[in-house]
Amino acid sequence: MILAMVDRTDRAQGEFKQDRRSHMRRIGAGWLLGNPVPRYVIVAVAATGLVIGALALLASVLVKDWSQRDIELRSRLVFRSIRDQVARAMIAKPEIDLVPVFQRIAQDERILALGFCTAQAQLRYATKEFPKSVTCVSVKRSKSAAFATTVASGERIHVSSFPITAGKSTGHLLVLHDLAFIDARAAEARLYTLLTLIGVTAGLSLLATVIVLALMRAWSRSIRGALIEMQHGSASESPHHADFPISREIHTALTELRMERRFANGIHVEWSPKTLHRLLVDELPHAQVIVVSNREPYIHNRAGSAITLQIPASGLVAALEPVMRACGGTWVAHGSGSADRDTVDATDRLPVPPADPAYSLRRVWLSEKEQNGYYYGFANEGLWPLCHIAFVRPIFREEDWAQYRKVNQRFAEVIVQEASCDDPVVLVQDYHFALLPRMIRDRLPKATIITFWHIPWPNAETFGICPWREEIIDGLLGSTILGFHTQFHCNNFLEAADRFIESRIDRELASVTFRGQETLIRPYPISIEWPPAALAEQAPVRECRDAVRQRFALPADIRIAVGIERFDYTKGVLDRIRAVDDLLTSHPEWIGRFVFIQAAAPTRSKLGTYSALEAEAEQLVAKVNARHSRDGFQPVRLVIRHHEPDEVFELFRASDMCIVSSLHDGMNLVSKEFVAARDDEHGVLILSSFAGASRELSEALIVNPYDTHGMAEAFLQALRMPPAEQRDRMRLMRELVRERNVYRWAAQMLLDAARLRQRQRITSSKAAPAGRIVPLQPVPATKERKMA
Ligand code: G6P
């Protein structure tokens with residue numbers, strides 16, 4: 001499926017190239033290919049032409065105006081230079097001929113002719129070129145002393161008339177200029193202005209085109225680079241982004257788009273180790289992943305001189321171990337095995353799984369006093385019964401609390417030691433570490449801390465019993481994301497935060513803001529790996545059945561029911577034995593034909609409630625067996641010991657039904673493992689309505705473990721269920737567990753974390769206040785959610 005995502009990316013990239021090519025054609029290359037020129041280009045060229053024409057016209061008008069004034073000035077100069085000479089001649093010798101003087105002055109190439117008009121409007125002196133059409137009468141009639149006129153030959157001339165007084169005689173000196181040169185000069189000015197403007201415009205256009213083409217090349221290179229990154233999932237911080245601000249924008253937008261697409265596509269992804277690993281590379285490139293839990297995934301114990309390896313019976317380990325195998329990183333946990341110290345290196349680390357190392361296990365050592373206070377005391381006598389409604393009174397001791405705090409602090413120090421950067425992704429597991437998220441946040445403020453609470457969270461009244469309720473909520477709110485199995489537990493936590501601390505709660509976004517930092521509260525239903533590793537080595541169902549029948553000396557036609565878990569009072573083991581008793585009492589026809597095998601792994605045996613449970617269970621089994629045994633056949637078999645995963649799966653495959661009757665359970669992975677083990681699509685799951693798994697596995701026979709007879713009726717229904725119905729129910733449940741496997745569980749959290757980190761990066765680059773997170777919008781309803 002992830003390949004389909006890549007295909008889509010390829011297609012998107014192909015489409016993008018196509019689009020880009022057609023766009024290039026539209027904006028430029030189209031001219032060459034004969035496509036119509038865009039209208040905006042025509043308008044721009046026309047407007048530029050108009051502006052250039054107007055400027056050229058203006059230049060010619062200015063030149064004409066300037067030339068006109070020049071002529072007037074020249075005429076006045078001529079007049080002043082000969083005025084006195086003309087006046088003296090008029091007084092001394094009125095008959096004197098001034099034509100030679102005029103002729104000399106008229107040699108100037110611009111002056112066309114000179115003349116003198118008497119007071120009687122007679123032209124007394126005139127140079128040879130003086131035009132006939134210009135007469136003293138016409139000059140006298142003209143209102144202006146200077147004017148332009150057109151002579152008979154068609155030439156335009158300029159006439160300036162200056163009055164001269166000499167004694168009693170008066171007259172006018174006429175200076176005539178040829179205007180042809182002004183027109184020539186104006187035409188020249190127009191031409192040169194046009195040429196200059198066209199040249200400058202063309203130059204600037206060329207420069208602009210070069211700049212635009214260079215920018216477009218850089219943008220397209222950047223987009224192509226970002227698309228290639230999208231396809232190959234390479235690092236988000238490429239060096240070429242830094243030198244080009246717009247390419248950074250494009251990159252950011254594409255990265256966001258990619259995230260959105262992944263979110264949208266996420267529901268269709270077949271989650272597997274491969275796709276989960278791919279997600280890490282794509283969405284959290286270079287992120288260091290650190291898991292922290294109390295229980296370690298591999299325990300080394302000393303058995304005489306030998307060292308044995310044990311995989312503990314823990315839902316947490318069953319879920320997280322395959323995730324770590326897929327993701328790599330470091331798992332920090334309490335080294336509780338008797339040979340654990342002998343199997344680590346000098347830094348308390350060892351590569352695991354031992355047969356095929358994929359990640360590093362970092363063991364933390366605790367003294368007996370610390371274990372008693374932190375693990376047995378506060379975690380398992382305080383928080384465990386507090387969070388499970390199993391009617392066992394929680395015990396809170398001051399000294400347990402002190403050890404709990406101390407051990408949380410110790411783990412915080414180890415996390416800081418293990419962190420190779422200032423923003424690792426830390427996955428904090430469970431109720432042993434309620435204070436740890438805050439302690440890590442104080443030391444590594446930029447860390448992405450995802451805390452998952454594997455057990456239920458009680459209602460606010462119940463939680464209020466805890467004397468350190470505020471500290472616990474405060475500690476958990478150091479997380480970036482706080483996850484529970486169900487929405488119901490999320491709601492309970494929000495209620496508790498509302499009631500016990502001064503925080504801001506956004507119920508729409510399901511977030512709590514406390515100490516200036518926002519924590520998202522999200523449901524992430526946990527699951528198992530698919531296909532389960534333990535299934536790979538399993539024999540066919542019939543052989544498993546034969547093996548179990550032999551081991552327990554059972555007849556061939558026996559119907560087998562199994563219960564497999566840690567021997568914990570929350571699991572309702574006593575209740576199911578009582579239901580077996582009820583079944584055999586009300587339906588004795590099943591005596592000798594029905595067996596219930598309870599595999600129970602000893603757990604927390606140091607605690608009184610647990611040892612008392614074992615003793616009570618043994619007594620109850622003895623009583624029921626005594627009541628319903630026939631010919632030495634005992635209907636209940638209680639096996640108190642640790643079972644390795646392959647033994648567990650063999651039992652699942654050998655059975656006709658599996659009973660999960662938890663009085664209260666966060667999720668319960670036994671139910672999902674049973675479904676996963678039944679690749680033959682047979683077997684019936686009887687599931688408590690108080691286990692989180694009942695929200696998902698609704699094709700199971702859902703029971704109330706407190707209703708003994710009701711549970712016995714469910715056993716009967718299972719015994720009578722036709723194979724076809726078993727197959728139909730099992731098929732649906734297997735489909736769901738296959739799709740919603742543990743890789744999806746981890747992926748959902750990591751995707752949310754990736755999105756937050758991405759947004760944090762964007763907001764911090766815009767100088768948002770430190771620590772403030774832009775909250776995730778609730779994920780829109782999807783097909784998958786509607787199905788849930
Ligand atoms: C539950 C808890 C886990 C725990 C497991 C086994 O599933 O949520 O945190 O590891 O029980 O309990 P134990 O005390 O043996 O680790």
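Hi everyone, let's begin where two helices touch. In helix α10, K369, E370, N372, G373, Y374, G377, F378 and L383 meet D400, W401, Q403, Y404, K406, V407, N408 and R410 of α11. Contact here means heavy atoms within 4.5 Å. Sorted by class, the residues in this contact of α10 with α11 are six nonpolar, five polar and five charged. For the classes, Ala, Val, Leu, Ile, Met, Phe, Trp, Tyr, Cys and Pro count as nonpolar, Asp, Glu, Lys and Arg as charged, and the others, Gly among them, as polar.

Before we go on, a word on what you are looking at. This is a predicted model, in which local features need pLDDT of at least 70 and side-chain atom pairs count only at pLDDT 80 or more, while totals for chains, interfaces and linings use all residues. Residues are numbered from 1 along each chain as its sequence is written, and side-chain values use heavy atoms, with hydrogens and water left out.

How high is the mean pLDDT of the chain? The mean is 87, and 87% of the residues reach 70 or more. pLDDT is the predictor's confidence in each residue, from 0 to 100. Over residues 1–33 the pLDDT is below 50, and this stretch has 37 contacts in the model beyond near neighbours in sequence. Residues 233–243 also have a pLDDT below 50, with 22 contacts beyond near neighbours in sequence.

Back to our helices. Helices (H or I, at least four residues) and strands (E, at least two) are DSSP runs, numbered from the N terminus. The axes of α10 (residues 368–387) and α11 come within 8 Å and cross at roughly 110°. Axes are lines fitted to C-alpha atoms, for helices over the stretch in contact, and angles run from 0 to 180 degrees between N-to-C directions. α10 and α11 are therefore roughly perpendicular to each other. As for the wording, angles under 35 degrees count as roughly parallel, over 145 as roughly antiparallel, 65 to 115 as roughly perpendicular and the rest as oblique. The crossing of α10 and α11 is left-handed; that word applies if the near helix is turned anticlockwise from the far one by less than a right angle, and right-handed applies if clockwise.

Now follow α11 to another partner. Helix α11 (residues 398–418) packs with helix α12 (residues 436–443) at an angle of about 40°, and their axes are 9 Å apart. That pair is therefore oblique, and the crossing of α11 and α12 is right-handed. On the α11 side the contact uses R405, N408, Q409, F411, A412, E413, I415 and V416, and on the α12 side L436, M439, I440 and R443. This contact has seven nonpolar, two polar and three charged residues.

Next, the sheets. Strands of a sheet pair through backbone hydrogen bonds, either parallel or antiparallel. In our terms, two strands pair if DSSP finds at least two bridges between them.

Another open sheet has six strands in the order β20-β19-β18-β21-β22-β23, and its pairing is parallel. β20 (636–640) and β23 (701–703) stand at the edges with a single partner strand each, so one side of each has no neighbour in the sheet. The twist averages 20° from one strand to the next. Three bridges pair β22 (residues 684–688) with β23 in the parallel sense, and S688 stands opposite V703 in β23. Helix α22 (residues 708–720) packs on this sheet, touching β18, β19, β21, β22 and β23, with its direction at about 170° to that of β23.

Finally, a few backbone details. Strands β7 (residues 299–303) and β8 (residues 306–310) run antiparallel, joined by five bridges. Two residues lie between the strands of this hairpin, and G304 there takes a positive phi near 65°. D348 has a positive phi near 65° as well, and D348 is a residue other than glycine; you will find D348 in the loop between β9 and β10. The peptide bond from V352 to P353 is cis, with omega near -10°, and P353 is in the loop between β10 and β11.
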